[in-house]
Amino acid sequence: MGSAVEISPAECRELLATRTIGVIAYTEHAQPAIRTVEYVVDGEEVLVRTTADSIFARAVANATVALNVHVVDVDRRSGWSVTAVGRARLLPLEESQRLASRLGTWAPEGQSQVLHLRLQKLTGRRMRAGAVVPAEQTGPALGALAV
């Protein structure tokens, strides 16, 4: 049987800082939405470059959002997942331009604005696979792994 172990907020922060790509969950026109973003961790904050006048920027400004980052080894059926929740705000253009060089280039250089996410809650889990169960014990329709 597999296992999932909760990890501490401190370890969540460390893991979050080891990556640069994640997804932000937010609300757009009263519907759930998810956007893949490139980000940088800066202490207790996450910074994301976006286009200043985009639907995404307008939807997340002054809203509570969740950033999820995960690493999964499919062959070993193991990995980790971290979710950071916080209030997002768009930084002023002057500050955004100053920080732009530290961030990815997914948003056009001239129109970029930085989204600032203050980390308010960090949760995460490490997952590990269980023992492999021979197919003759599970039957052909049930697969070979017990989770």
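Modeller: Ground rule before we start: buried means under 20% relative accessible area, exposed means over 50%, and partly exposed is in between, with a 1.4 Å probe and protein chains only. This is a predicted model, so local features need pLDDT of at least 70, side-chain atom pairs count only at pLDDT 80 or more, and totals for chains, interfaces and linings use all residues. Residues are numbered from 1 along each chain as its sequence is written, and side-chain values use heavy atoms, with hydrogens and water left out.

Colleague: Fine. Is Q113 buried or exposed?

Modeller: Buried, because its relative accessible area is 12% and the limit is under 20%.

Colleague: Where is Q113 found?

Modeller: In strand β7, residues 112–128. Strands here are DSSP runs of E with at least two residues; helices are runs of H or I with at least four, and both are numbered from the N terminus.

Colleague: What does the side chain of Q113 reach?

Modeller: The backbone oxygen of L91, at 2.7 Å. That is a polar contact: a pair of N or O atoms within 3.5 Å; within protein, one must be able to donate a hydrogen and the other to accept it, and residues adjacent in sequence count only if both atoms are side-chain atoms.

Colleague: And which residues does Q113 touch?

Modeller: Leaving out residues up to four places away in sequence, V48, R49, T50, A52, L90, L91, P92, L93 and S96. Contact means heavy atoms within 4.5 Å.

Colleague: On to the sheet. How many bridges join β6 to β7?

Modeller: Twelve, and the two strands run antiparallel. Strands pair if DSSP finds at least two bridges between them. S81 stands opposite R125 in β7.

Colleague: In which sense do β5 and β6 pair?

Modeller: Antiparallel, over ten bridges; β5 covers residues 64–73 and β6 covers 78–90. V69 stands opposite V82 in β6.

Colleague: How many residues sit between β5 and β6 in the hairpin?

Modeller: Four. R77 is in that turn, with a positive phi of about 50°. R77 is not a glycine. R77 counts as partly exposed because its relative accessible area is 36%.

Colleague: Which loop holds A30?

Modeller: The loop between β2 and β3 (31–42). A30 is also not a glycine, yet has a positive phi of about 65°. A30 is exposed, at 67% relative accessible area.

Colleague: Switching topic. How many aromatic pairs are there by this rule?

Modeller: One. Rings of Phe, Tyr and Trp (its six-membered ring) pair if their centres lie within 6.5 Å; planes under 30 degrees apart count as stacked, over 60 as edge-to-face and the rest as tilted.

Colleague: Why is the pair of Y26 and F56 classed as it is?

Modeller: The ring planes of Y26 and F56 are at 75° and the centres are 5.1 Å apart, so the pair is edge-to-face. Y26 lies in strand β2 (residues 21–28) and F56 in helix α2 (residues 55–60), so the pair ties together parts 30 residues apart in sequence.

Colleague: Is Y26 buried or exposed?

Modeller: Buried, at 6% relative accessibility. F56 is buried too, with a relative accessible area of 2%.

Colleague: Zoom out. How many helices and strands are in the protein?

Modeller: Four helices and seven strands. From the N terminus, the order is β-α-β-β-β-α-β-β-α-β-α.

Colleague: And what do buried residues make up?

Modeller: 35% of the 147 residues. Among contacts between residues at least 6 apart in sequence, 68% join residues at least 24 apart.
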